[in-house]
Amino acid sequence: MTYLATWEEFAKAAERLYLSDPIKCRFITKYRHCDGKLCVKVTDDKACFQYRTEHAQDVKKLEKLTGHLMRHMASKEK
Amino acid sequence: MTMKRYDGWVKPKPRSGAVSEPAEYKCLVRATLGNKKISTVINHKDVTKFQMAYGNLLRANIDGLKKKDKKAARGRKKTKATQ
């Protein structure tokens with residue numbers, strides 16, 4: 001349950017956690033419009049990293065990371 | 001929105017460990033709102049299509065966040081004009 005301070009830290013941690021055990025890792029995105037907050041979480045039920053933002057420029061970065069992970073999840077390699 | 005890797009198993013894996021590796025992984029995507037749930041499985045060939053649709057959805061709907069850069073730039077311009 002750790003909130004990371006910057007997006008770069010979160011992206012790095014998320015990728016490392018995912019690559020350590022791809023089949024166990026899940027990636028959760030939550031958006032609350034009324035609070036104006038976006039919350040991203042990545043966990044494998046042992047370790048958990050979270051990131052919270054209120055800034056619009058993080059949406060683009062989120063899109064990039066999501067696409068990157070999704071591409072890997074649906075790929076043939078292990 | 002939750003996404004995770006999906007190998008087609010819906011039962012717990014047998015403890016003997018005699019499971020053959022799946023030839024291809026897929027991506028399982030679930031989305032919930034209140035008590036409504038939807039889910040889908042994305043194949044390798046559909047990733048690009050899904051990504052484009054999902055990217056558009058994100059950009060179109062996450063519009064309640066602060067636009068920090070624009071506001072700061074406008075503020076700076078205004079102070080310059082008054083000087």
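Helices (H or I, at least four residues) and strands (E, at least two) are DSSP runs, numbered from the N terminus. Residues are numbered from 1 along each chain as its sequence is written, while chains are lettered from A and ligands numbered from 1 in the order in which they are written. This is a predicted model, in which local features need pLDDT of at least 70 and side-chain atom pairs count only at pLDDT 80 or more, whereas totals for chains, interfaces and linings use all residues.

**Exercise 1. Locate B:Lys66 and describe its surroundings.**

Step 1. A residue is buried if 20 or more other C-beta atoms lie within 10 Å of its own, exposed if 12 or fewer, and partly exposed in between, with C-beta atoms placed from the backbone. Because B:Lys66 has 13 other C-beta atoms within 10 Å, B:Lys66 is partly exposed.

Step 2. Two residues are in contact if their C-beta atoms, placed from the backbone, lie within 7 Å. Leaving aside residues up to four places away in sequence, B:Lys66 touches A:Gly36, A:Glu54, A:His55 and A:Ala56.

Step 3. B:Ala53, by comparison, is 13 residues from B:Lys66 in sequence and 23 Å from B:Lys66 in space, C-alpha to C-alpha.

**Exercise 2. Trace the order of the strands in the open sheet and find how S2(A) pairs with S1(B).**

Step 1. Two strands pair if DSSP finds at least two bridges between them. The open sheet has 7 strands in the order S1(A)-S4(A)-S3(A)-S2(A)-S1(B)-S2(B)-S3(B), with mixed pairing.

Step 2. Its edges are strand S1 (2-3) of chain A and strand S3 (36-42) of chain B, each of which pairs on one side only.

Step 3. S2(A) and S1(B) are antiparallel and share 3 bridges; A:Arg26 has B:Lys4 as its bridge partner, and A:Ile28 stands opposite B:Thr2.

Step 4. Within chain B, strand S1 (residues 2-6) pairs with strand S2 (residues 26-33) in the antiparallel sense over 5 bridges, and B:Tyr6 stands opposite B:Lys26.

**Exercise 3. Characterise the side of chain B that touches chain A.**

Step 1. The contacts between the chains involve 25 residues of chain B and 24 residues of chain A.

Step 2. S1, S2, H1 and H2 of chain B each supply at least two residues of this side, and H1(B) gives the most, with 5 residues.

**Exercise 4. Decide how confidently chain B may be read.**

Step 1. With pLDDT being the predictor's confidence in each residue, from 0 to 100, chain B has a mean pLDDT of 72, and 60% of its residues reach 70 or more.

Step 2. Confidence in chain B is highest in H1(B), at a mean of 86, and lowest in H2(B), at 58. Where pLDDT is low, the predicted coordinates should not be read in detail.

Step 3. The model as a whole scores ipTM 0.77 and pTM 0.74.
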